[in-house]
Structures are given as structure tokens and as C-alpha cells.
Amino acid sequence: MTVLTKQPPGAPAPAAAGGKPRIRPSRRRKQRSGYLFLLPWFLGMLFTVIPFFASLYLAFTDYNLFTEPNFVGLANFQAMFEDPRLIQSLKVTFIYTFVSVPISLAVALLVALVLNRGLQGLSIYRSVYYLPSLLGGSVAIVMLWRYIFGNDGIVNGFLGMFGIQGPAWVTDPQFSLSTLIVLNVWTFGSPMVIFLAGLRQVPGMYYEAASIDGASKWRQFRSITLPLISPIIFFNLIMQLIGSFQTFTQGYVMSGGTGGPADSTLFYNLYLYQKGFTEFEMGYASAMAWLLLMIIAIFTAINFIASKFWVFYDN
Amino acid sequence: MAAGLLLSACGGGASSSGNSGSGSNVELNFVFWGDANRAKMTEAALRIFEKKNPGITVKTEYQDSAPYADKLATRFAGGNPPDVLAMANRSLLEYAQRGTLADLKSFPELNLDKVPETTLSRGEVDGKLYGLATGVTTIGVVINKTITDQAGVTIPDDKTWSWEDYAKFATEVTQKTGGKVYGAGYDVATETGPIILARQRGEDFYTKDNKLGVSEKTIEDWFQYSVDLRKAGGYPPAGFFEQIGGSPAQSYLAKGTVASQIIPINNFRGYNEAVEGEVVLLRVPGETTGERRGYSADPTMLWSIAAKSKHPKEAAKLVDFLTNDAEGAAEVLTQRGVPINPEVADAITPKLNADDKTFVDLMAAIQEDDLPPAYVYPKGASVVADTLKQLTTEVEFGRVSPADAAKTFMEKSNAAINK
């Protein structure tokens with residue numbers, strides 16, 4: 001455990017070990033090069049900040065992409081309450097988030113625990129499990145998913161071996177969303193890697209002490225592992241939640257942009273996109289973007305408040 | 001979050017159209033949707049245009065129809081529209097009524113003398129012409145005759161067959177093939193089907209004053225027909241069709257799992273080449289058993305010129321070439337329907353292969369009859385199309401009854417059109 005090999009107190013800092021003390025470069029020059037390195041970030045920010053405020057303004061207009069926007073006050077926000085497809089898109093997004101996030105976190109933690117037991121060729125396993133999260137959001141994988149779960153796909157072929165006639169996973173509105181949830185759970189790799197890093201930080205001596213006291217593996221997991229990695233769980237939870245609320249590609253590709261069958265995969269962001277780019281109601285779409293921001297902010301805030309009761313910071 | 005708006009910010013960046021030509025050399029930006037084959041044929045025609053019009057070069061871009069529609073919207077929004085563009089029937093007025101398209105009648109460069117009035121009316125609103133048909137087509141039934149022959153099912157006479165005949169035929173195919181092949185695999189969710197059914201019943205799906213004219217009953221019957229046919233076995237079970245869009249090669253007719261489909265008949269050649277076995281082209285059912293003819297010669301797509309084009313004159317010359325030049329048409333043939341200038345259509349007929357000839361002949365035979373007029377799709381037509389698609393699935397899986405679906409269809413469509 002590298003974490004445990006702390007430097008003895010009073011040891012010289014590595015930088016000072018090189019003999020004569022050097023003249024420090026001027027603070028100013030340091031700052032300048034610092035800003036230089038930050039330049040790409042500033043440029044990137046420009047492309048974020050401008051649309052950010054533009055969309056805030058457009059949310060209060062009837063902007064339709066082609067003619068000058070007119071200020072309409074809160075009309076867009078009022079219209080949302082009477083928009084059944086918006087309600088449907090919220091429903092889809094919430095179900096997707098609240099089902100897939102807990103499952104994918106649980107799977108990620110489980111796999112991380114297994115990998116943490118010190119397997120041969122850990123780095124290979126880690127890469128193999130991490131790969132799907134790099135690919136999961138990509139168009140090609142969603143297309144592949146369509147085929148795997150298609151009527152003549154692997155899944156129904158497998159069920160067929162047992163004489164089970166599988167449903168139309170992709171085209172039946174009852175099953176289409178669950179197919180996407182499975183896809184999302186499959187991309188557990190990135191929280192898994194973070195869990196793995198967290199697990200390696202847990203000092204081994206706690207387990208030694210606990211096993212001397214006769215604690216079972218399950219008890220050790222509950223009383224040592226979980227509390228010590230709870231900040232990591234919290235971090236992963238927030239990240240997954242935000243990402244999941246913003247799902248777009250999966251729904252778009254799976255349904256060919258329609259959110260079908262029968263709006264069963266109409267994710268919030270997909271509906272926003274339809275409003276903006278196929279119905280040209282950019283003002284409404286902007287207002288929707290801000291509603292989503294508020295929803296995410298509220299859920300993140302709830303989590304932060306709730307975290308006081310279960311997240312344990314060991315310092 | 002703000003990604004949607006970011007998209008719009010960089011939408012126009014990809015192309016380098018505009019004022020690259022100073023004085024003598026003008027570069028036109030010309031965009032359309034389609035596949036590589038269509039692009040190749042179009043490019044060949046454009047080289048002839050450039051030869052005939054020194055000083056004008058044409059730069060093209062093309063995509064599949066869905067990304068094309070998205071990109072077009074962002075380019076117009078970004079103030080960087082193409083000069084000449086292909087437009088879908090259902091999108092024309094969405095653009096035109098926002099002032100983004102030029103009135104094609106205002107260009108002396110564009111000769112419309114030979115174009116029939118019935119074709120012009122499909123791109124016209126308030127006396128202004130915003131879209132000119134690239135060619136005309138309609139829908140028809142394609143049947144895999146090899147399958148029906150093997151099954152011993154006779155194909156009915158398409159000049160007199162009714163919708164009931166089609167259902168009977170389809171059910172028989174399914175029965176005699178032991179359920180291996182479904183008799184009918186037509187697309188319930190595309191509006192061209194109910195448009196014809198409405199016209200056969202004396203209704204205009206879209207009326208002259210740009211409203212929804214179809215009755216709730218017709219929509220209900222359209223849904224009910226597929227429900228009954230599925231129950232009888234002539235139509236595949238719910239969830240069977242999962243291919244989105246797709247070329248003739250990817251179609252279920254080519255896979256051999258259905259014996260008939262309804263297609264835009266300018267694609268007949270593609271289907272006959274993709275399908276193993278012999279494919280025959282038939283008229284849609286109900287043409288002589290209804291109140292009147294349902295057929296009309298419909299624009300396959302439309303050419304438009306952006307109101308903000310920097311080279312409107314040259315753009316008009318290009319549209320004139322695409323419409324009236326027989327040499328150019330000889331390169332494109334019937335890719336975008338039968339040419340709307342009859343002289344051009346006659347000129348290219350000898351150059352057609354057998355399948356394209358079948359299409360052109362059927363188109364001509366249909367137009368020999370007295371067809372009721374048809375009108376431009378209203379603003380909101382794309383919402384109507386989406387609504388139909390959505391409700392079709394609801395009906396397919398039995399989540400709503402055809403009657404309720406029809407009611408919802410009327411409400412949503414009227415709301416979108418009258419907005």
C-alpha cells in the first residue's frame with residue numbers, strides 16, 4: 001500500500017534537495033505563463049458563456065430561428081405546464097435516471113470490489129470493463145444495440161434456444177426504454193474505475209484489525225469499506241445523475257430522432273432538440289434548457305443536503 | 001444544456017459558399033438529400049450546366065434526409081443559406097412563410113412555360129411560387145411475384161381492385177406460405193397512404209386554403225384497416241418492423257419476409273434490383289371503387305432558392321437548367337421523379353432502362369385520367385407526419401383504439417396547422 005508509506009516528519013522537500021537555492025522567477029512571469037496555459041480554457045469558456053446567456057435571453061422570447069425574437073415574458077414557461085409531450089419526456093428521463101443510476105453504481109462497485117482483490121492482469125480487466133463507458137454514448141454502439149436487441153438479434157436468439165419468444169425490445173413501447181437502461185448500466189466502467197481508485201485508498205490495517213476482532217467479510221464491507229468510500233459513492237452518484245438527466249444520443253439513435261416508439265424514448269434533451277431544430281421553436285427550447293438546469297440543480301442540492309447523513313470524510 | 005444553441009452557432013461553418021466569386025466567376029452552393037448514386041448523377045448534370053454557363057461553378061453538398069433537414073435549418077438560422085436547395089413537401093411552407101425563400105416567378109431566367117399548372121400549384125402559396133417540383137411521382141404497390149406464384153396466389157387486377165381485395169390477397173399469401181411470408185408490409189405511418197385514401201373518398205387531406213381537410217373517420221378507417229389486416233394474418237404482428245428509413249436493399253420486400261409493400265414508385269427500379277425474384281408494380285387499391293381518383297402527380301421533392309442568396313440570377317439559371325434542359329436530365333433520368341417539363345420527359349424516355357420505363361409508363365397512364373387537384377402541404381405538416389407516426393405505434397400495440405387515435409390525430413394536427 002503506497003498510501004501508507006508517508007514521509008517521515010521533518011524530511012526535506014524534494015525541490016530543496018538540489019543544492020544552492022535558486023533565484024525565484026518573478027511572480028509576474030509565472031502568472032503570465034499560467035494564463036497562457038489557461039488560454040484554451042478561456043477560449044472554450046467564450047463558446048460556453050455566450051450561448052449560455054443567449055439562451056437565457058431567448059428563453060423569454062418567441063425566437064423561431066428565422067425572424068427577430070420578440071420578448072414574450074414567461075409565456076414559454078407557462079406553455080410547458082400544458083405540454084403533454086414535455087411531461088412525457090420528463091417521465092422518460094426520470095424513469096431512466098432513477099432506475100439506471102442506482103443499478104449501474106451497484107454493478108460498478110461490485111466489479112470494483114472483485115477487481116480490488118488483486119487479480120493477475122488487473123490492468124487488462126480494468127481496460128476491458130472501462131471500454132464500454134468510452135463507447136456507450138457513441139452512435140455506433142447504439143446501432144449495435146439495436147441489432148443485439150432486434151427481432152432477429154442475439155438476445156432473442158438466446159431466448160429462442162429455451163423456447164421463449166422474446167418481445168420486440170426496440171419497437172415495442174413497453175420495452176424500448178428498458179433496452180436503453182440496460183445499455184446505460186453496461187457503461188458502468190467510469191464509476192467503476194473511480195471506485196477502484198477509492199478502494200485502494202482504504203488502509204489495509206482496518207481490515208486486519210477487524211478480522212482479528214472476528215468481523216465477517218460482510219460486516220467489514222459495511223462498517224469499513226462503505227463509510228470510507230462514501231465520498232466516492234457520492235461523487236459518482238452526482239456525476240451519473242447529471243449525465244443521465246442529459247441523455248440524448250441513445251434516444252436519438254435508437255429511435256431515429258423521433259423518441260419513438262410512441263414517445264417511449266423521448267428523453268428531455270431529445271424533445272428539446274426536436275422543439276428547437278425540427279419545430280423551430282428555439283425560444284421554447286431555450287426555456288426547456290433552463291428548466292433542465294433547475295431540475296439538475298435541485299437534485300444535486302438535495303443530494304448535498306442528504307450527504308451530510310451518510311457521507312463520511314476521514315480527515 | 002446549452003449544447004443545442006452551440007450547435008446552431010457552428011451550424012453554418014462547414015460550407016464555404018458565398019462571395020468567393022468576384023465579378024466574373026460565381027460559385028453557387030447547391031444542396032440536396034440522397035445517396036451517393038444520386039449525387040453522382042447530379043454531379044454529371046452539373047458539369048454540363050457549368051459548360052453551358054461559363055463563369056458559374058456549382059459546389060454541392062448532400063446528406064441523408066434527416067441530417068439534411070437539421071443542417072438546412074441551422075444554415076438558414078445562421079444567415080448562411082445555400083443558394084439552391086432541395087425541399088421536402090412537408091417543410092416547404094415552414095420555410096416559405098417565414099420569408100426565407102425567393103418567389104421563383106420573379107426570375108426571368110427561369111422559364112416556367114412548359115410546366116403544368118397542377119405541378120406549379122404544389123409549390124405555390126398566395127400566388128407566389130416557393131418550390132418547383134424536381135419531378136413527379138406517386139405511390140404504388142410492389143409485389144414479389146416469385147413468392148406469390150410459388151404460393152399459388154393470383155395477383156388481382158390493379159385497375160379495379162379495392163382495399164378489400166388487397167386485404168384478401170395479403171391474407172391468402174400469408175396462409176399459403178404457411179406464415180413464412182406476410183402478404184402486406186406497407187407503411188401505416190407515412191402520410192402518403194391516408195392522403196390517397198382521403199382523396200378517394202372525396203376529401204382533400206390538405207385543402208386549397210392550407211388547412212387539414214381529412215375527416216376523422218378516414219383516419220380511423222386507415223388505422224382500423226391495418227388492425228383488421230393484422231388480425232386476419234395478412235399483416236405482420238406488432239413490433240415486426242424495426243428498420244428505420246432504409247434503402248430498397250434493406251427493405252422487408254428484399255428480405256423476402258413480406259410479399260408486398262407500398263412505395264414511392266420512382267424507387268421501383270431500386271426495389272426490383274434489390275429483390276431476388278420478379279417484382280411487379282401495381283396501382284394502389286381503391287382507385288375505381290371509391291368516390292373519385294385518389295392519385296395525383298406529386299412532387300418527389302422541390303427546388304427552392306433562398307431569399308438571401310447572393311447570386312439569385314445564377315441560382316435561377318440553375319433551377320431553369322434542372323427543369324428544362326434535356327441534356328442535363330439525361331444524366332439524372334428519373335432519379336427525382338418524371339421531369340415536369342413534358343418535352344424533357346419525352347427526350348429522356350428512350351434512355352431509360354426497363355424498370356424506370358415501367359415507372360414512367362404507369363405515371364403517364366395515371367395522368368391520362370381526370371385527377372382531382374392537390375395542393376401544397378401547409379405549415380405544420382411535419383408535426384402532422386410525426387403525430388401520425390407516433391399514433392401508428394400506439395395503435396399497433398393496442399394502447400389506443402383506432403377511433404381514439406383518430407381523435408388525437410385531428411386535435412394535434414389541427415393545432416399544429418392553425419398555430
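Which residue in β12(B) is the bridge partner of Leu132(B)? Trp303(B) is.

This is a predicted model: local features need pLDDT of at least 70, side-chain atom pairs count only at pLDDT 80 or more, and totals for chains, interfaces and linings use all residues. Residues are numbered from 1 along each chain as its sequence is written, and chains are lettered from A and ligands numbered from 1 in the order in which they are written.

**View 1. An open sheet in chain B.** Five strands line up as β2-β1-β3-β12-β6, with mixed pairing. Strands are DSSP E runs of at least two residues and helices are H or I runs of at least four, numbered from the N terminus. Two strands pair if DSSP finds at least two bridges between them. β2 (56-63) and β6 (132-133) of chain B each have a single partner strand, so one side of each has no neighbour in the sheet.

**View 2. Strands β6 and β12 of chain B.** β6(B) pairs with β12(B) (residues 302-305) in the antiparallel sense, over two bridges.

**View 3. Helices on the sheet of chain B.** Helix α2(B) (residues 36-52) packs on the sheet and touches β1 (26-33) and β2 of chain B. Its direction makes about 170° with that of β2(B). Helix α3(B) (residues 65-77) lies across β1, β2 and β3 (84-87) of chain B, at about 120° to β2(B). Axes are lines fitted to C-alpha atoms, for helices over the stretch in contact; angles run from 0 to 180 degrees between N-to-C directions.

**View 4. Where chain A meets chain B.** 37 residues of chain A are in contact with 30 of chain B (C-beta atoms, placed from the backbone, within 7 Å). α1(A) gives the most to chain A's side, with six residues.

Methods:
Two residues are in contact if their C-beta atoms, placed from the backbone, lie within 7 Å.
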